[in-house]
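The entries follow the order in which I went through them.

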Amino acid sequence: MSVPPYNKDKYYRIMDVTQSNYANQLKRLSRDKKRADFILIYYSLALIIYSLSVQFYPEIFDETWSSYSSIILSVIVLVYSVVNSHAEYSGRISSIQHALNEVKRLKREVGSLPNLADDDPLSPSCGENQECEQCVSCESSKKDACEKLDSLKKEYDDLVSATEIRDDLDFYYTILHLCKKYDINPKTGRYCNGVAIDSKNASAEINDLIGYISENNPRQQSFHVMLLKLWHAVLYATPIVIFIASAGPILNVVRRFINAFLPM
């Protein structure tokens, strides 16, 4: 029975990262679902309020502007309805929850396995060219542990293959968590005090993390996060801005301002 090329500690670290990825993925999908549902309700209410405002207060709200804005919001509601119908958030969230629980279980089982290093002494009581019952027992335990590790690895591979691939943003948040844990700057790949990392003397966990940083490009992901936050802020603010702008007195002030500084 040969020892797998990756030892128990390596598999444990891989499963730990996967667990963090799935946890971040679950949070992202849950937020996306809540946001999409909220936007549909929020914009639908805005459309109703626009129509009622023009109907009951025609002297305040501009009908042309409200009608034009309502068409734009209706298109956004339609797009979100289509996205929601194809996103299947509930099924995906359920699948990720199952995968997350399974990875937690596999990680616990891997962590409970004994070390599988070939150079570990089997028994301190044995001399050269000797074999006692304890040695036989140790060899049997190692064989069982290797077989168990192989079995857990197969379960893990099958689980990952059947689960939705994590997004780069999910991996980015995992990297941020690990960088905070090991006091590393994710944007530079150095320690937070500016000292470069010596890969030869660094721990296996830190070397893995440096590889993750090179793969994920945290600078690009942080820019992506900033754009997403800006887009979400625009989505939430748009109905309010349109409602305020549809008021006739405010529109008149805006027109005077435009005419004063940009004469036709």
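These are my notes, from the whole chain down to single residues.

**Ground rules.** I am reading a predicted model, in which local features need pLDDT of at least 70 and side-chain atom pairs count only at pLDDT 80 or more, while totals for chains, interfaces and linings use all residues. Residues are numbered from 1 along each chain as its sequence is written, and side-chain values use heavy atoms, with hydrogens and water left out.

**The chain.** I found eight helices and two strands, where helices (H or I, at least four residues) and strands (E, at least two) are DSSP runs numbered from the N terminus. Read from the N terminus, the order of elements is α-α-α-α-α-β-β-α-α-α. I then looked up burial, where buried means under 20% relative accessible area, exposed over 50% and partly exposed in between, with a 1.4 Å probe and protein chains only. Of the 264 residues in the chain, 33% are buried. For contacts, meaning heavy atoms within 4.5 Å, I noted that among those between residues at least 6 apart in sequence, 81% join residues at least 24 apart.

**Helix 5.** I checked the length of this helix, taking the expected span as 1.5 Å times one less than the number of residues. The 15 residues of helix 5 should span 21 Å, and the end C-alpha atoms are 21 Å apart, which agrees. The buried residues of helix 5 include Leu169, Asp170, Thr174 and Ile175, and the buried residues of this helix pack against helix 1, strand 1 (184–185), helix 6 and helix 7.

**Helix 5 against helix 6.** The axes of helix 5 (residues 168–182) and helix 6 (residues 204–216) come within 10 Å and cross at roughly 145°; axes here are lines fitted to C-alpha atoms, for helices over the stretch in contact, and angles run from 0 to 180 degrees between N-to-C directions. On the helix 5 side I listed Asp168, Phe171, Tyr172, Ile175, Leu178, Cys179 and Tyr182, and on the helix 6 side Glu205, Ile206, Leu209, Tyr212, Ile213, Glu215 and Asn216. The residues of this contact divide into 10 nonpolar, one polar and three charged, where Ala, Val, Leu, Ile, Met, Phe, Trp, Tyr, Cys and Pro count as nonpolar, Asp, Glu, Lys and Arg as charged, and the others, Gly among them, as polar.

**Aromatic pairs.** I counted eight aromatic pairs; rings of Phe, Tyr and Trp (its six-membered ring) pair if their centres lie within 6.5 Å, with planes under 30 degrees apart stacked, over 60 edge-to-face and the rest tilted. Phe38 and Tyr42 form a stacked pair, 5.2 Å centre to centre with 25° between the planes. Both lie in helix 1 (residues 8–56), four residues apart, about one turn of the helix. Phe38 is partly exposed at 42% relative accessible area, whereas Tyr42 is buried at 18%. Phe61 and Phe243 form a tilted pair, 5.1 Å centre to centre with 40° between the planes. This pair links distant parts of the chain, 182 residues apart, with Phe61 in the loop between helix 1 and helix 2 (63–87) and Phe243 in helix 7 (residues 218–245). I also noted that ring pairs link Phe38, Tyr42, Tyr43 and Tyr236 into a cluster.
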